[in-house]
Amino acid sequence: MAGIYRERPGAAELAAATAAPAIALGEDIWMSPGVSNSYAVATSAGRVIINGGLFFEGELRRRAFADVPGPTRAIVVTQGHADHFGGVYALREPDTDVIMHANYRYWRDDTQRLGGYRAPKTAFAFAKFTEAIAESLKDIDPATIDFSFPEPTTTFDHRHELTVGERRIELIWTPGGETTDSLVVWLPDDRILFTGNLFGPLFGHVPNLMTIRGDRYRDPVLYIESLDRVLELAPRRMITGHFDPIEGADRIAEEVTAMRDAMQAVHDAVIEYMNGGKDLYTAMREIRVPAHLDVGEGYGKTSWNVRAIWEMYAGWFQHRSTTELYGVPAWSVASDVVAAAGPDALTAAARNHTANGNPVQALHLTDLVLRADPQNEKARAAAIEAHEALLAGTDNFWEQAWLTHTVNQLRTPS
């Protein structure tokens, strides 16, 4: 059977939340779509909200859930990324229990320490949300939004159980897909599982073990173990962090098994390459998900995951060159190389590489020229050609965003 990712929306369809009434999913569950979806589970004693979205989405979610019977007894945050915890302040009430995994503090601290580093390195990929945010905030005073990390009232280690009204709810630690505080929400009597971004934003795709916006490496072994926990639960309905639920125990098991086996195969191949004396770049070029596992690469990429696994086990020193050990980058000698070879010769060689299907080699050359002379028009044009060649060959969200961003920069020299 073809992978489910082929019939589900891609990252381009992600959109900011609105105050529109939440969508009834049946079984007393409502969904408010957004950058990350927020869900309300109704009970006879009030509602349980799962994730709140980004900071500016919280008030919109509060309005979206207005018709879901309250009060809000609990808010469960499935991981310590801002698109999950940001709306908590607007959604919590005086007696609301805010529940997170005990590892939340690492992600809270990362957010506080590295906001100045990560925010500008994320903006290139999510520029489309700028107008949506402005539209959403047109009747909300930004001064009323609390941008601090909301502290939980309850944390747990491996499992946590609660009963709200007639509904039994189990929270299970499932690290690895994006964060080490990731959890899933299991309704055992209904066999419904809320997974947040355990699988990443796009269900049916390989995970993103290293995000180019700048985040911690994700552990493939923990990810595999977490998918095993999902398979043990055997949900008949799975509600993820984005887009519509996945229905049917057999289909869910098939898809989760394929994602787990794909990650296991890539992990094991990296280990084999490392022990076999091959180099990292060869591994990145050659290792692929086995063909019989139809898993997408719309958000994460196998070649990037190969490098993340390699460096997770072995660190950054590749035993390739003594220069790796020192804080002197290769581009420090760019001017010397360009002076010796000539910028026109290097640019012509770059164009030949692109014409011959080697755009990355072309960029190695144009990088040298543009490091020595950032305004070199011929090199900028050659670099644009190489980026456009790469862009034509990918449907990965992050790669497309970066390549498009870079082309725009090259076309508008400062």
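**Helices and sheets of a predicted chain**

Helix H6 and helix H7 (residues 249-275) pack at an angle of about 160 degrees, and their axes lie 10 Å apart. (Axes are lines fitted to C-alpha atoms, for helices over the stretch in contact, and angles run from 0 to 180 degrees between N-to-C directions.) H6 is therefore roughly antiparallel to H7; angles over 145 degrees count as roughly antiparallel, under 35 as roughly parallel, 65 to 115 as roughly perpendicular and the rest as oblique. The crossing of H6 past H7 is left-handed, a term used if the near helix is turned anticlockwise from the far one by less than a right angle, while clockwise gives right-handed. On the side of H6, the contact includes Pro220, Val221, Tyr223 and Ile224; on the side of H7, Ala253, Val256, Thr257 and Met259 are among the residues involved. Contact means heavy atoms within 4.5 Å. By class, the residues of this contact comprise eleven nonpolar, three polar and two charged. Here Ala, Val, Leu, Ile, Met, Phe, Trp, Tyr, Cys and Pro count as nonpolar, Asp, Glu, Lys and Arg as charged, and the others, Gly among them, as polar.

The model is predicted: local features need pLDDT of at least 70, side-chain atom pairs count only at pLDDT 80 or more, and totals for chains, interfaces and linings use all residues. Residues are numbered from 1 along each chain as its sequence is written, and side-chain values use heavy atoms, with hydrogens and water left out.

The protein chain has 14 helices and 13 strands. Helices (H or I, at least four residues) and strands (E, at least two) are DSSP runs, numbered from the N terminus.

Strands of a sheet pair through backbone hydrogen bonds, either parallel or antiparallel. Two strands pair if DSSP finds at least two bridges between them. E8 pairs with strand E9 (residues 167-173) in the antiparallel sense over six bridges, and Leu162 stands opposite Ile169 in E9.

A second open sheet has seven strands in the order E1-E2-E3-E4-E5-E6-E7, again with mixed pairing. Its edge strands, E1 (23-26) and E7 (154-156), each pair on one side only. Strand E2 (residues 29-32) and strand E3 (residues 38-43) form an antiparallel pair over four bridges, in which Ser38 of E3 is the bridge partner of Ser32. In the loop between E1 and E2 lies Asp28, which has a positive phi of about 60 degrees although it is not a glycine.

Another helix pair is formed by H11 (residues 343-355) and H12 (residues 359-372), which pack at an angle of about 165 degrees with their axes 7 Å apart. H11 is thus roughly antiparallel to H12, and the crossing is left-handed.
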